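Subject: Structure handover

Hello,

Here is the structure we talked about. My notes follow below it.

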Amino acid sequence: MLVYRDLLTGDELLSDSFPYKEIENGMLWEVEGKWVVKGPIAVDIAANPSAEGSDEDEIVDDKAVKVIDIVDTFRLQEQPSFDKRQFAAYMKQYANNLTPKLEQEKQEAFKQHMEGATNYLQSKLDDLKIFAGESMHENGSLVFAYCKEGATDPTFLYLAYGLKEIEC
Ligand SMILES: *[C@@H]1O[C@H](CO)[C@@H](O)[C@H](O)[C@H]1NC(C)=O
């Protein structure tokens with residue numbers, strides 16, 4: 001299994017259980033998230049086959065939580081949205097922190113395509129939900145999510161160069 005950690009903070013952000021697609025010259029990874037129901041709902045029903053009707057159902061329902069699989073699996077922390085200026089400032093600082101950590105060859109590709117990737121994200125800024133990794137480190141890589149037109153499940157966008165692949 002492959003796990004992808006934030007190169008700057010070590011937070012686990014993704015794994016190969018979630019296939020990705022490279023976009024924007026490999027700068028961004030697009031990953032499909034899914035709303036899933038989490039909770040002991042099925043277990044409770046099975047454990048109490050003779051429990052009385054509607055009361056029990058209500059209690060069971062309360063325990064079922066709808067979560068987004070990626071957010072739940074990697075304990076991503078939703079952040080307040082950014083305006084254009086805040087987003088530009090974040091990307092600039094992120095690039096400054098990340099670039100020295102990349103190998104020479106990657107540094108050049110990163111610099112070359114950073115603007116394109118930033119513009120791509122910027123164009124969706126109003127629709128983006130923003131998530132930090134579990135540690136919520138101020139300089140960590142953010143993960144973005146939005147719903148494509150007509151979709152109910154969110155699509156995630158990862159800053160690919162900031163991910164470190166680890167085999168485990
Ligand atoms: C975040 O990055 C900035 C700029 O590189 C640096 O000054 C600051 O100390 C960093 N913060 C942490 C908590 O490492």
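What share of the contacts in the protein with a separation of 6 or more comes from residues 24 or more positions apart? The share is 68%, where contact means heavy atoms within 4.5 Å.

First, the ground rules. This is a predicted model, in which local features need pLDDT of at least 70, side-chain atom pairs count only at pLDDT 80 or more, and totals for chains, interfaces and linings use all residues. Residues are numbered from 1 along each chain as its sequence is written, and side-chain values use heavy atoms, with hydrogens and water left out.

Overall make-up

The protein has five helices and eleven strands. These are DSSP runs, numbered from the N terminus: helices are H or I with at least four residues, strands are E with at least two. Of the 168 residues, 40% count as buried, meaning under 20% relative accessible area; exposed is over 50%, and partly exposed lies in between (1.4 Å probe, protein chains only). The protein exposes about 10,000 Å². Carbon and sulfur atoms supply 47% of that area. Accessible areas come from the Shrake-Rupley method with a 1.4 Å probe; for residues, only the protein chains shown count as cover.

The ligand

- N97: a polar side-chain atom lies 2.6 Å from an oxygen atom of the ligand.
- E138: a side-chain N or O atom is 3.0 Å from a nitrogen atom of the ligand.
- N139: a side-chain N or O atom is 2.3 Å from an oxygen atom of the ligand.

On its own, the ligand has 360 Å² of accessible area, and the protein covers 41% of it.

Strand pairing

Strands pair if DSSP finds at least two bridges between them. β7 (77-79) and β8 (residues 129-132) are antiparallel, with three bridges. β8 also runs antiparallel to β9 (residues 143-146), again joined by three bridges. F131 links to both neighbours: its bridge partner is E78 on one side and V143 in β9 on the other.

β3 (residues 20-23) and β4 (residues 28-32) pair antiparallel over four bridges. I23 stands opposite L28. Four residues sit between the strands of this hairpin, and E24 takes a positive phi near 50 degrees.

Two residues to look at

Where is F82? F82 lies in the loop between β7 and α4 (84-98). Is F82 buried, partly exposed or exposed? F82 has a relative accessible area of 22%, so it counts as partly exposed. Leaving out residues up to four places away in sequence, F82 touches F87, Y90, L125, I130 and L142. F82 and L125 are 43 residues apart along the chain, yet their C-alpha atoms are separated by 7.5 Å.

K164 belongs to β11 (residues 163-167). Its relative accessibility is 47%, so K164 is partly exposed too. Beyond its neighbours within four places in sequence, K164 is in contact with V3, Y4, R5 and L7.

Best regards

Definitions and conventions. Polar contact = N/O pair within 3.5 Å; in protein donor to acceptor, adjacent residues only side chain to side chain.
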